[in-house]
Amino acid sequence: MLKTFIRLLGDDARVFRRYLSMAIGYGLLCGLSICTLAPVLSALLAGDTAAAAQWLVLLVLSMAVCWAMRRRLDKAGVAVGVAVLQGGRQRIGDHVARLPLGWFTPENTARLNHVVTQGMMAVAQLPAHVFTPVVSGAVTPLVLVVALFMLHWPLAVIALLALPLLAWVQVYSARLGRRADQAYQRSAAEASQRMVEFAQAQAVLRAFTGGNSTRFLQQAIDQQHAAASRLIRMSATSAVLNLWLVQAVFAALLIAALVWMEGALTQASVIAVCVALLLVNRFIEPLLEVAGYGETLRGAGVQLEAVAEILAAQPLAEPVVGQAPVDASVELTDVHFSYGAGRPEVLQGVSLRLEPGSMTALVGASGSGKTTLVRLIARFFDASAGSVRVGGVDVRQMTAEQLAAQISQIFQDTYLFQGSIADNIRLGKPGASTAQVLEAACQAGVDEIIERLPQGLWTPVGEGGARLSGGERQRIAIARALIKDSPILLVDEATAALDAQNQAAISQTLAHLRGKRTLIVIAHQLSTVVMADQVLVLDQGRIVEQGTPAQLAEAQGRYAHYLAQRQAAKGWRIAAAQPVDEQGLT
Amino acid sequence: MSNQDASLPNGRAAVSQVLHPIRGRLTLAALLAGLGSMLALVPLAAIAHIANIALGAGESGWSQARGEVAWAVGASLACLLLGLLLMSVGEAIAHLADNHITRHLRLAITARLAQVPLGWFSARASGEVKQAMQDDIGTLHSLTAHFYTTAGRCVGAILISALYLFAIDWRMAIIALLPFPGFFLFFAKATKASGANMQDFVSRLTRINTAVVEFVHGIPVVKAFGATGKAHDSYREAVDEFSAAFTAFTRPLVGTMANANAMIAPVAVLGVVLVFGTLLVSLGWISALQVLPFAIVAPGISAPLMLLSYITHDLNNATGAAQRLHALLATPVLEQPAPEQQQLPSDGQVYVEHLSYGYDPQQPVLIDINLRLAPGTVTAIVGASGSGKSTLARLLLRFFDPDQGRITLGGVDLRHLDSRELYRRIGFVLQEVRLIHASISENIALGRPDASQQEIEAAARAANIHDCILRLPRGYQSVFGEDAQLSGGEQQRVSIARAVLLDPPLLVLDEATAAVDASSELAIAQALSAFAQGCTLLVIAHRLDTVMHADQIIVLEQGRIIEQGKHAQLLALGGRYARLWALGAYGQTSEQALPTC
């Protein structure tokens with residue numbers, strides 16, 4: 001936990017170390033000041049007010065120092081909080097900016113969002129509200145043990161032996177709690193999944209299950225309830241264990257003091273026992289306080305684990321000085337890839353070469369590896385084995401900027417930034433003139449959107465493009481890719497062609513750029529496939545056929561089969577009711 | 001939604017309404033915790049008592065005092081034990097009550113949301129529902145499970161300490177407790193200072209949250225364009241601005257709060273007690289022995305007091321959550337007809353009459369739509385994206401009710417039809433396929449849990465998916481999302497099998513084959529063609545050629561029907577439909593594709 005905290009703080013870790021040493025110092029000083037109560041009370045009970053007054057001067061002085069130190073400590077704690085909110089957030093930002101595109105799955109994005117907003121706020125509160133009482137509460141008793149030694153060593157020995165025992169129980173019960181916590185988190189995640197499903201599939205659930213649309217969710221809620229009951233039993237046990245153990249130590253010290261009192265013969269030694277009991281009381285109280293923070297600390301541990309997980313994601317290695325690509329070719333040599341160790345290989349030894357200015361159509365059933373292949377070219381991930389070369393240079397030998405300059409993509413998610421339509425298109429080419437923006441807009445079919453909107457090109461798109469429809473956002477994203485005008489263009493037709501207008505925009509783009517750019521298209525439309533210079537047919541992660549559309553059509557292989565299916569699907573008509581249409585496929 | 005704002009209760013009222021079912025248990029838990037913490041303090045009083053006996057007895061009376069001391073220790077330890085027991089029971093009651101209310105609220109929300117208009121869900125991210133049902137209710141946990149018992153414990157401890165000290169000597173008690181009102185003085189000053197800056201701080205908080213969302217979602221896009229610097233810069237700026245705002249916001253607080261904390265630190269309280277104790281002893285107002293209880297008990301008040309002020313943070317978070325939950329539980333539901341209003345459709349005729357609808361009243365999506373679906377006919381709706389096609393289909397499925405006009409099925413207004421009756425008659429296959437995290441068998445039989453295996457398989461065969469299912473690891477028992485990995489097209493066919501099993505006389509197809517690969521598209525097309533025979537069909541198509549043989553084609557533009565007729569009529573008209581047909585280049589495709597066949 002501390003390790004993650006220090007890693008999160010990076011260069012600011014010294015702020016944290018300073019704070020920590022101050023907290024320890026504060027705890028020590030508090031302990032020392034409290035120790036002066038022994039001589040003060042001894043003198044007072046013995047009736048020597050003058051001696052008590054002398055010690056009181058020391059006590060008041062150390063109180064003043066404690067006060068001043070507490071002020072500085074609290075300020076240092078806030079400084080750590082600010083370091084988390086500023087430095088920590090920046091560090092996470094810097095780290096994430098270097099992660100491969102493939103990392104940005106919806107789950108990771110959601111987690112990142114949570115960690116940077118709520119997570120960082122919670123972590124920033126820790127020093128001032130949790131660490132200070134816990135650290136000083138753990139240090140103060142240590143000082144009191146020393147004082148007890150001077151009064152009556154058996155008490156001190158009991159107190160000293162109790163400390164490691166208490167620490168062990170605290171750690172052990174936290175571990176027990178963590179296991180139940182994990183089981184609970186699993187059932188909570190399942191219930192969350194059901195809740196999302198309940199919302200997303202509500203129409204289906206309601207229409208198909210009559211009055212009983214809540215069955216699945218109810219089960220999940222009941223399971224979470226049961227897991228929570230187990231967790232409560234567990235954490236209640238550990239809380240009780242901690243609390244009772246501290247009190248048991250207190251009872252042991254009380255009885256030991258009593259035994260000591262039995263043998264006390266003089267007034268002075270009875271006073272010593274009474275003073276010792278006061279010290280025992282001061283020894284126990286901070287420990288009770290620390291025991292009470294157990295659950296809060298566990299919660300903080302969960303937040304910091306989420307941070308650690310993000311920081312543990314490895315950025316792709318990049319050279320300091322990259323090699324510049326020499327042309328617009330793409331070459332894959334014996335590429336293998338799987339999404340994580342132990343998962344099946346999505347690509348199993350793919351080799352291919354795409355000449356500059358050629359157009360290639362990728363064809364294959366879903367799950368055949370088309371999307372993965374295109375993503376490897378854009379270096380969403382690195383291949384598990386083999387090499388991917390863009391412009392003659394291995395992508396691992398290029399900087400992210402060099403590679404990005406080489407490639408445009410029409411398949412990435414269509415997130416739009418706050419700002420106008422023009423701003424969003426210009427993102428592809430920051431220095432572009434308005435004329436260039438308009439040209440790209442026309443090519444992508446955005447002109448039709450602009451005409452409809454009163455503010456035209458300068459219409460704000462809203463957060464994430466919320467004011468536009470999915471198809472409209474997609475077309476703006478296409479315009480953004482087009483204005484970039486890079487030598488290689490990657491297109492996923494299936495996800496980009498949301499509607500007829502988008503399809504038309506893509507077809508026009510491909511026809512327009514054919515021969516001028518290296519085009520790689522995950523083809524969905526027959527018209528696209530036949531336009532290509534070469535067709536690659538993928539099946540289960542392998543290239544099974546390769547050639548011009550005409551060659552493959554004659555080969556009677558998978559492509560020919562695909563064509564036949566395509567043709568049949570194209571010919572599919574919903575028949576008019578009467579008369580039954582002979583073109584219907586039934 | 002306007003009535004929602006009006007009915008939104010203030011924080012405290014929302015909390016009390018949401019927690020109403022467990023109010024009694026929480027009160028009991030707080031009382032037990034308070035009583036327990038009082039009893040747990042008895043040993044401290046016992047220490048003072050023992051000192052009194054031991055020192056008061058003198059060397060001669062010690063043997064007699066011995067018994068009394070032993071009794072005091074025994075009694076105080078018994079009290080401690082009982083106190084701990086009560087506190088633990090209180091905690092357990094609170095946690096169990098929390099677990100109970102958590103389940104109760106989740107089920108209540110589930111039940112409520114199962115009745116709201118379906119359109120409510122499309123206007124919201126599913127994450128929002130999860131946020132409310134899981135995260136907001138989770139936030140309440142700190143309130144129900146911890147706040148009341150902690151408050152009970154703290155109040156109990158503070159109360160009994162103060163009473164005890166006053167009982168010993170009121171003058172000394174006032175002095176010893178003096179730092180604590182001082183704490184509240186500082187605390188109130190800090191709260192006031194923060195209140196002044198709160199508005200600004202909250203607006204900064206919103207701004208940074210927006211910047212984070214944009215950064216997190218935008219960075220893949222920006223990276224793809226090699227302009228990593230840009231989105232990153234605005235994120236960096238927002239982070240720096242926020243931390244500046246945070247520093248400005250906390251600076252006046254830190255000093256004040258540090259003073260408050262330092263003031264009630266055990267050291268400070270002990271110092272005050274000893275200094276003034278010595279003074280009063282030297283003045284002869286009290287005896288030295290009387291100082292002891294103050295030195296023992298007074299410093300112990302600071303910990304519960306600090307805890308009490310810290311847990312009010314939780315209270316603030318929880319009130320926000322309670323307000324959101326309260327609003328969610330008050331979401332207007334789709335009105336179900338009263339039993340006496342319910343009617344049964346006489347036939348399968350569907351009439352749409354003068355229908356207007358808008359998600360936002362300012363921007364109508366559909367305007368004055370009139371339409372008839374005759375039994376056994378095929379009606380197609382075409383138009384650009386955003387023209388209102390899908391909305392029309394969803395109104396027919398009663399995802400929402402029209403703003404004006406009405407839809408009738410067999411002469412009955414949809415609003416007078418029980419939803420079970422409605423969905424028995426209208427089936428649908430939408431572009432967005434939704435399978436449930438359950439076995440394939442359960443997914444197909446969702447509408448008829450009593451269907452036999454033969455019926456399920458027959459439906460799967462009709463939907464062209466039977467062979468595919470048999471290839472799964474556990475066949476029909478494979479669980480979707482676990483061992484049943486299905487492509488988009490395969491999922492679509494499972495959802496068709498679902499509709500087949502229900503066999504409704506009226507079927508709505510919304511772009512059912514968009515965005516699936518070629519082999520799937522053919523299989524889906526075949527499945528639908530077989531299924532649609534004899535049905536009344538409403539088809540929303542993005543590819544015009546699939547619906548060119550429909551009995552009537554409706555062309556929508558900006559929410560209005562602008563053309564209506566058969567394919568040939570509309571082409572001859574040379575209007576919007578003809579232009580869309582030309583844009584789709586359907587003729588061109590077949591010319592290009594044919595030679596390669």
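What follows is a walk through a predicted model, from the contact between two chains down to single residues. Local features need pLDDT of at least 70 and side-chain atom pairs count only at pLDDT 80 or more, while totals for chains, interfaces and linings use all residues. Residues are numbered from 1 along each chain as its sequence is written, and chains are lettered from A and ligands numbered from 1 in the order in which they are written.

Let's start where chains A and B meet. Chain A puts 143 residues into the contact and chain B 137; two residues are in contact if their C-beta atoms, placed from the backbone, lie within 7 Å. On the side of chain A that touches chain B, helix α4 (residues 49–97) gives the most, with 22 residues. Helices here are DSSP runs of H or I with at least four residues, strands are runs of E with at least two, and both are numbered from the N terminus. By class, that side of chain A has 83 nonpolar, 41 polar and 19 charged residues. Ala, Val, Leu, Ile, Met, Phe, Trp, Tyr, Cys and Pro count as nonpolar, Asp, Glu, Lys and Arg as charged, and the others, Gly among them, as polar.

Staying in chain A, look at how helix α1 (residues 2–9) packs on helix α10 (residues 294–312): the angle is about 55° and the axes are 9 Å apart. Axes are lines fitted to C-alpha atoms, for helices over the stretch in contact, and angles run from 0 to 180 degrees between N-to-C directions. That makes α1(A) oblique to α10(A), a label for what is left once angles under 35 degrees (roughly parallel), over 145 (roughly antiparallel) and 65 to 115 (roughly perpendicular) are taken out. From α1(A) come A:T4, A:F5, A:R7 and A:L8, and they meet A:L304, A:V307, A:A308 and A:L311 of α10(A). The residues of this contact divide into six nonpolar, one polar and one charged.

Most residues other than glycine have a negative phi. B:R398, though, has a positive phi near 55°, and sits in the loop between α14 (389–396) and β4 (404–409). B:R398 is buried, with 23 other C-beta atoms within 10 Å. B:D503 also has a positive phi, near 50°, in the loop between α19 (488–502) and β7 (506–510). With 15 C-beta neighbours inside 10 Å, B:D503 counts as partly exposed. The cut-offs are 20 or more for buried, 12 or fewer for exposed, and partly exposed in between.
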